[in-house]
Amino acid sequence: MDAKTNLKNAETARLIRQLAEATGESMTQAVTIAVAALRAQAVAARTYALANLVKGKPYDLYSDVRSQVYRGVDEEEDSTNAAVEETAAEAKLLHTRILD
């Protein structure tokens, strides 16, 4: 191998390392953003649910668009369940009242 080939191989190896690092960083940021979005959605959904509880019925919420559509346990995802659990004590308040 001549010096030119060795330089090209070194540049290629460096580029591969840089791409791997950049890709990993981008994906880590994307996952972090997605988790934060799920947590925010969990808080928003809980706040809405608490502000719109059904009165005078044997249930708290409708399972359709009048409250929040719930398709059953088979449609639940681990990631959304985790977000709900992690934010269990959180709801948005305004002057000590739940936002509507």
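I started with the nonpolar surface patch made up of Leu-50, Leu-53, Leu-61, Leu-93 and Ile-98, which together have about 390 Å² of accessible area. I note here that this is a predicted model.

I found Leu-61 in the loop between H1 and H2. Its relative accessible area is 32%, so I logged Leu-61 as partly exposed. Membership of a patch requires over 30% relative accessible area, and Leu-61 has 32%.

Next I turned to charge. I listed a negative surface patch consisting of Asp-74, Glu-75, Glu-76, Glu-77 and Asp-78. Of these I checked Glu-77, which sits in the loop between helix H1 (3-51) and helix H2 (78-86).

Then I went to Arg-46, a residue of helix H1. Which side chain of opposite charge is nearest to Arg-46? I found that it is Glu-90, 6.3 Å away. I recorded Arg-46 as buried and without a salt bridge. A salt bridge needs a side-chain nitrogen within 4 Å of a carboxyl oxygen. I did find a contact to the backbone: the Arg-46 side chain comes to 2.9 Å from the backbone oxygen of Glu-90.

Last I took Val-35, also placed in helix H1. I put Val-35 down as partly exposed, since its relative accessibility is 40%.

Definitions and conventions: Residues numbered from 1 in each chain as written. Predicted model: local features only at pLDDT ≥ 70, side-chain atom pairs only at ≥ 80, totals over all residues. Heavy atoms only, no water. Patch = residues over 30% accessible without salt bridge, like charges linked within 9 Å, V, L, I, M, F, W, Y side chains within 5 Å. Areas by Shrake-Rupley, 256 points an atom, 1.4 Å probe, with all protein chains shown as cover. Lys, Arg positive; Asp, Glu negative; His and termini not counted. Charge placed at Lys NZ, Arg CZ, Asp CG, Glu CD. Helix = DSSP H or I, 4+ residues; strand = E, 2+ residues; numbered from the N terminus. Buried < 20%, exposed > 50% of the residue type's maximum accessible area, 1.4 Å probe, protein only. Polar contact = N/O pair within 3.5 Å; in protein donor to acceptor, adjacent residues only side chain to side chain.
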